[in-house]
Amino acid sequence: MQNINRRSFFCSFLSSLFVRNAFAQQNLDITANEAYVALRGNLNGKNSLFYYTGTYWGKPSNETAKPLFRVEGVGFNSLKIANGVVSQKLSECGFWFHPGTSFLADKWVNPMNGLMCEPIHYKSSQNIKFNNDGLVIKDKSLPKRVLSISGRIMDPVVVGESLWSQENLIIKIRQPEPEQGYDPLLYTGPVISLNSLATYHTNISDIDNDFVPSTLHFQSLSPWYPWMRMGQREGVCSFELVGKKLQNISDIPNSLLLILNQRRPDFLDDPWS
């Protein structure tokens with residue numbers, strides 16, 4: 001397996017970068033997959049760590065969207081590239097807060113139905129491969145309940161000193177059949193669809209490093225979480241997040257670090273378990 005190192009990366013791919021003028025779009029001789037690995041991961045093959053924060057929105061059909069939670073979390077990324085194929089692994093922890101506060105939402109009244117709910121703070125993972133063209137590979141090892149998965153790494157965009165790399169994913173999942181006597185408010189339907197859109201940004205002048213500093217903007221479209229007690233009511237939820245790649249665990253904001261140590265004490269030492 002090949003890890004891109006700083007010398008091979010920049011000698012091979014950035015030598016043909018040229019600028020028509022200081023503010024015009026630049027042409028960058030680098031593949032979409034290589035740009036993605038540089039911005040989301042680390043060129044030296046080490047895991048990357050992102051901090052993120054933002055808002056979680058809910059919108060019942062034919063109603064206006066409502067900000068439901070403030071969100072904070074961290075995610076570890078492991079990215080490898082071999083013969084142009086990217087293997088990406090993610091493990092993240094996130095927490096729900098009452099909007100505009102620093103108080104965890106362990107109990108929460110859903111403004112869309114007036115019901116008391118108990119939000120589940122999340123720990124989630126993702127394992128995906130992209131082929132040479134940046135298209136998602138549907139791995140045979142995926143659970144059978146994953147009905148379809150598609151998406152791609154988009155071509156890098158370079159304007160002036162800015163470089164962006166984008167990833168989009170669409171996943172359709174079959175839900176387990178509810179047990180007899182189930183609460184219909186906790187069942188969101190037999191099939192759900194998830195759509196995520198991630199954009200990473202860095203400066204061309206910063207990319208000549210083993211650690212490439214980058215920022216994140218993330219949006220998603222998804223159904224209700226079961227604990228929101230919305231049943232099969234039509235509507236959609238959306239994460240709206242911004243984030244930053246960190247060099248060390250000590251760069252995580254102290255308030256979130258305290259919560260992680262209390263609620264997920266083993267996560268920072270072993271995020272993959």
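Ile-204 sits in the loop between E11 and E12, and at 13% relative accessibility Ile-204 counts as buried. Ser-205 belongs to the loop between strand E11 (191-203) and strand E12 (215-221), but Ser-205 counts as exposed, at 54% relative accessibility. The model described here is predicted. The protein has 3 helices and 13 strands, and buried residues make up 43% of its 273 residues.

- Ile-204 is buried because its relative accessibility of 13% falls under the 20% cut-off.
- Ser-205 is exposed because its 54% is over the 50% cut-off.
- Ile-204 and Val-158 are 46 residues apart in sequence, while their C-alpha atoms are 8.5 Å apart in space.
- For Ser-205 and Leu-163, the separation is 42 residues in sequence and 9.9 Å in space, C-alpha to C-alpha.

**The protein as a whole**

- Of the contacts between residues at least 6 apart in sequence, 64% join residues at least 24 apart.
- The accessible surface comes to about 14300 Å².
- Carbon and sulfur atoms account for 52% of that accessible surface.

**The largest pocket**

- Rolling a probe the size of a water molecule over the atoms shows where empty space is left.
- The largest pocket holds about 1600 Å³ of space.
- Its lining consists of 48 residues.
- Glu-92, Ser-124, Ser-125, Gln-126 and Leu-194 are the lining residues that lie nearest the centre of the largest pocket.
- By class, 30 of the lining residues are nonpolar, 13 are polar and 5 are charged.
- Strand E6 (residues 122-130) gives the most to this lining, with 7 residues.

**Ser-91 in strand E3**

- Ser-91 is part of strand E3 (residues 85-97).
- With a relative accessible area of 2%, Ser-91 is buried, because that value is under 20%.
- A polar atom of the Ser-91 side chain lies 2.5 Å from the backbone oxygen of Pro-271.
- Leaving aside residues up to four places away in sequence, Ser-91 touches Val-74, Gly-75, Phe-76, Lys-123, Ser-124, Ser-125, Phe-267, Pro-271 and Trp-272.
- Two of these contacts, Ser-124 and Ser-125, are also among the residues nearest the centre of the largest pocket.

**Helix H2**

- The buried residues of H2 are Ala-32, Asn-33, Glu-34, Ala-35, Tyr-36, Val-37, Ala-38, Leu-39 and Arg-40.

- Most residues other than glycine have a negative phi.
- Asn-62 is not a glycine, yet it has a positive phi of about 65°.
- The loop between strand E1 (48-60) and strand E2 (66-82) contains Asn-62, and at 83% relative accessibility Asn-62 counts as exposed.
- Asn-83 also has a positive phi, of about 55°, although it is not a glycine.
- Asn-83 is found in the loop between E2 and E3, where Asn-83 is exposed, with a relative accessible area of 67%.

Conventions:
Residues are numbered from 1 along each chain as its sequence is written. This is a predicted model: local features need pLDDT of at least 70, side-chain atom pairs count only at pLDDT 80 or more; totals for chains, interfaces and linings use all residues. Side-chain values use heavy atoms; hydrogens and water are left out. On a 1 Å grid over the protein atoms alone, a cavity is a set of points where a 1.4 Å probe fits but cannot get out, and a pocket is an open set with protein on both sides within 12 Å along at least five of seven lines; lining residues have an atom within 4 Å of a point. Grid points are joined across faces, edges and corners, and a volume is the space filled by probe spheres set on the points. Helices (H or I, at least four residues) and strands (E, at least two) are DSSP runs, numbered from the N terminus. Ala, Val, Leu, Ile, Met, Phe, Trp, Tyr, Cys and Pro count as nonpolar, Asp, Glu, Lys and Arg as charged, and the others, Gly among them, as polar. Buried means under 20% relative accessible area, exposed over 50%, partly exposed in between (1.4 Å probe, protein chains only). A polar contact is a pair of N or O atoms within 3.5 Å; within protein, one must be able to donate a hydrogen and the other to accept it, and residues adjacent in sequence count only if both atoms are side-chain atoms. Contact means heavy atoms within 4.5 Å. Accessible areas come from the Shrake-Rupley method with a 1.4 Å probe; for residues, only the protein chains shown count as cover.
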